[in-house]
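This report walks through one model, element by element. Please keep the sequence and structure in view while reading.

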Amino acid sequence: MLRWPVPRHVARSTSRASLASLVALTALATALPALAQTPSEPAVTGDVPMADYLALLQQISPAAHQGAQAYLQAHERRCRRSLSSRELRQAMAEGDGDPLLMAMIRASHLQDGPGLTRLGEQVSCTRKAAR
């Protein structure tokens, strides 16, 4: 931290160094987006076949697989369009995950069919911003 009075030539040098560091970090973050991601917000790029993604979920957690399938079905029923695997992956990965999707996974884990149905009725057709 600079404390005044500091000679102007020193203050300018420090400001230029700070500006140069900021520019370099911005360029690096732009060139390498994966490095700019925080651990709680992994990069979700590209699209993989939905069947492959759901098969991976099944291997990781049957409840996550069942909750995701219920979420997909509810979205298709309410919004009259299917989600892409990229959209589903974003719903899983952004922030703490889409709260409704996470609740549907929990309901699947608890084998709460009526709760899963109630949650499915709350699926929104508009994309919410990540937290």
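## The disulfide

A disulfide is a pair of cysteine sulfur atoms within 2.5 Å. The model here is predicted. The structure holds 1 disulfide. Cys79 and Cys125 form this disulfide, with their sulfur atoms 1.9 Å apart. The angle about the S-S bond is -100°, and the link of Cys79 and Cys125 is left-handed. Cys79 belongs to helix 4, while Cys125 sits in the segment after helix 7 (113–120), so the pair ties together parts that are 46 residues apart in sequence.

What is the relative accessible area of Cys79? The value is 17%, and Cys79 is buried, because buried means under 20% relative accessible area. Cys125 has 44% relative accessibility and counts as partly exposed.

## Helix 4 against helix 6

Helix 4, which holds Cys79, also packs its residues against another helix: helix 4 and helix 6 are in contact. The axes of helix 4 and helix 6 come within 8 Å. They cross at roughly 125°. Helix 4 and helix 6 are therefore oblique to each other. That label follows because angles of 65 to 115 degrees count as roughly perpendicular and those over 145 as roughly antiparallel. The crossing of helix 4 and helix 6 is right-handed.

Which residues meet here? Helix 4 contributes Ala63, Ala64, Gln66, Gly67, Ala68, Ala70 and Tyr71. From helix 6 come Leu101, Met104, Ile105, Ser108 and His109. The residues of this contact divide into 8 nonpolar, 4 polar and no charged.

## Helix 5, an enclosed element

Helix 5 spans residues 85–93. Of its 9 residues, 7 are buried, so helix 5 is largely enclosed by the rest of the structure. The buried residues of helix 5 are Ser85, Leu88, Arg89, Gln90, Ala91, Met92 and Ala93.

What covers the buried residues of helix 5? The cover includes helix 3 (50–60), helix 4 (62–79) and helix 6 (99–109). Gly95 follows helix 5 and has a positive phi, near 60°.

## Ser85 in detail

Ser85 lies in helix 5. Is Ser85 buried or exposed? At 3% relative accessibility, Ser85 counts as buried. Its contacts, leaving aside neighbours within four places in sequence, are Asp47, Val48, Met50 and Tyr53.

Definitions and conventions:
Residues are numbered from 1 along each chain as its sequence is written. This is a predicted model: local features need pLDDT of at least 70, side-chain atom pairs count only at pLDDT 80 or more; totals for chains, interfaces and linings use all residues. Side-chain values use heavy atoms; hydrogens and water are left out. Buried means under 20% relative accessible area, exposed over 50%, partly exposed in between (1.4 Å probe, protein chains only). Helices (H or I, at least four residues) and strands (E, at least two) are DSSP runs, numbered from the N terminus. Contact means heavy atoms within 4.5 Å. Axes are lines fitted to C-alpha atoms, for helices over the stretch in contact, and angles run from 0 to 180 degrees between N-to-C directions. Angles under 35 degrees count as roughly parallel, over 145 as roughly antiparallel, 65 to 115 as roughly perpendicular and the rest as oblique. A crossing is left-handed if the near helix is turned anticlockwise from the far one by less than a right angle, and right-handed if clockwise. Ala, Val, Leu, Ile, Met, Phe, Trp, Tyr, Cys and Pro count as nonpolar, Asp, Glu, Lys and Arg as charged, and the others, Gly among them, as polar.
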